[in-house]
Amino acid sequence: MPFDTPACSPTDSALVLRLSGASNVGALVQLSLPAGWSWASGSGSFLTDSNGDVTVPAGQIIAGPKLGTIAATYGSGSTTVTTATDLAVVSRGSMQYFGFMPPDLSVPSAINSDFVRVYANWNSVLALKANGELWVCYDSGAWTQVASGADLGANQAAFIVDSDVQKAIWTSGGELYLGGVKVALPGGSNAGFVRVAGGAGTAVAAKSDGEIWKWSKVDGWSLLGSNGLSGPEQMACLTAASESVVWIKGGSVYIDSIPADIPSADNSEFRQIAAGRGRTASDSGVVAVKANGDVWRFNGSTWAKIGSNAEVGPGKLAYIRNSPYVVAWWISGGVVMRENGSQFPSAAENHDIIRIIQNGPVAMVLRRDGVGFRWYDGGQAFATNVSSGLNQGARALNSTSSAGLSPAYFIQNAESC
């Protein structure tokens, strides 16, 4: 499923649909694209293969300016069946924001164009431009370009923020950089890196072959293991009493190099992870979802199953650290679910939600129609036509304002290509 295609460009990966049923081989399936999207060639008619699959090659679809829904129709007359799924895009444009904005945290107009990714960790923001420029803003400091040539894929940049450490971590051509310096790995090759994540005094990086590397400000770099999942949001940093890395190997959740303290029969088939940063162990935690939609939460001391029927995919989970609301969030059927059962946004607005974005005690959620909501201790709609691409929105904290007034950064969709 394409999830990382730049807006107004050919899709960057194949789209595969499977037709169920006994007569699923050699069947004609008609695909219909959303407004603003187009076929590079053909009209969207495909025959299923011997597995009942329709494969639309990368580049066959030209993406539109924003998220759209592709429909697949099979059969005829009373036996016609139609199903649909979302196709996301990565928009590019100026950085917009909502909320209290100290002058140093706002993006200067001279540089505010062609942004494609934005990340936040506590009081720091990191943003990438379409030309590979990497810009950072740490708390009350000015926006500064710290690199060029950065990779632009999802989760290929992050910020490490602690009382005595403020470092960007990113990849360029698959090579790993930390604080502006190319990393020298002990006994390993600095090549093939595809994902990174940052915490307080720690960071984690994954290679395409499944190697998982951890950095800590105390011990430097170490290899945690191999055969880890390396997709978006399949690893995270757990900032608690000890700085740890959470990742998935063979479907099992690991904390550093040890399987998580989940009953062995249950520690399987996990697909996504999100971690919440807290100042204490009791405020930090992890939420993880299985392939079947089961939701598990680690609250700093114990693991427990807390939900089911969650949507599986990046940007669908969050662990919010804001006492007394230290709870896991997830999306089920387009609705934000919370561990304590309360609604966000309001019940009337809580539908067609496609993305959750978190940073410590604050979060925002994005709805399919482009409406964005921010949260501290209540929901507030703040913008329309917000891009729903991965890493295209972030919530910042800063030392000069309360968390509730901290800015929401986001990139808006263009109206047309």
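Visitor: What makes E35 stand out in the lining of the largest cavity?
Guide: The largest share of that lining, five residues, comes from E35. A lining residue has an atom within 4 Å of a grid point of the space. Strands are DSSP runs marked E of at least two residues, numbered from the N terminus. The model is predicted: local features need pLDDT of at least 70, side-chain atom pairs count only at pLDDT 80 or more, and totals for chains, interfaces and linings use all residues. Residues are numbered from 1 along each chain as its sequence is written, and side-chain values use heavy atoms, leaving out hydrogens and water.

Visitor: Why is this space called a cavity?
Guide: On a 1 Å grid over the protein atoms alone, a cavity is a set of points where a 1.4 Å probe fits but cannot get out. By this rule there is one cavity of 30 Å³ or more. The volume of the largest cavity is about 780 Å³, counted as the space filled by probe spheres set on the points, which are joined across faces, edges and corners.

Visitor: Which residues and strands surround the largest cavity?
Guide: The lining has 40 residues, with Ala120, Asn155, Glu233, Ala275 and Gln358 closest to the centre. Strands that supply at least two residues include E20 (193–198), E28 (270–276), E35 (353–359) and E39 (393–395). By class, 19 are nonpolar, 16 polar and five charged. Here Asp, Glu, Lys and Arg count as charged; Ala, Val, Leu, Ile, Met, Phe, Trp, Tyr, Cys and Pro as nonpolar; the others, Gly among them, as polar.

Visitor: Why is E13 called largely enclosed?
Guide: Buried means under 20% relative accessible area with a 1.4 Å probe, protein chains only. Six of the six residues of E13 are buried, so the strand is largely enclosed by the rest of the structure. Ser124, Leu126 and Leu128 cover one side, and Val125, Ala127 and Lys129 the other.

Visitor: How do you know that E13 pairs with E12 and E14?
Guide: Pairing needs at least two DSSP bridges between strands. E12 and E13 have six, and run antiparallel. Asn121 stands opposite Ser124. E13 and E14 have five bridges, also antiparallel. Val125 stands opposite Cys137. Both pairs are hairpins: two residues separate E12 and E13, with Trp122 at a positive phi near 55°; four separate E13 and E14, where Gly132 has a positive phi of about 90°.

Visitor: What makes a set of residues a nonpolar core?
Guide: The members are buried Ala, Val, Leu, Ile, Met, Phe, Trp, Tyr and Cys residues joined through side-chain atoms within 4.5 Å. The largest core has 18 residues; Leu126, Leu128, Leu134, Val136, Ala157, Ala168 and Trp170 touch the most other members. Strands giving two or more residues include E13 (124–129) and E17 (166–172). E16 gives the most, three.

Methods. Buried < 20%, exposed > 50% of the residue type's maximum accessible area, 1.4 Å probe, protein only. 1 Å grid on protein atoms, 1.4 Å probe; cavity = no way out; pocket = protein on both sides within 12 Å on 5 of 7 lines; lining within 4 Å.
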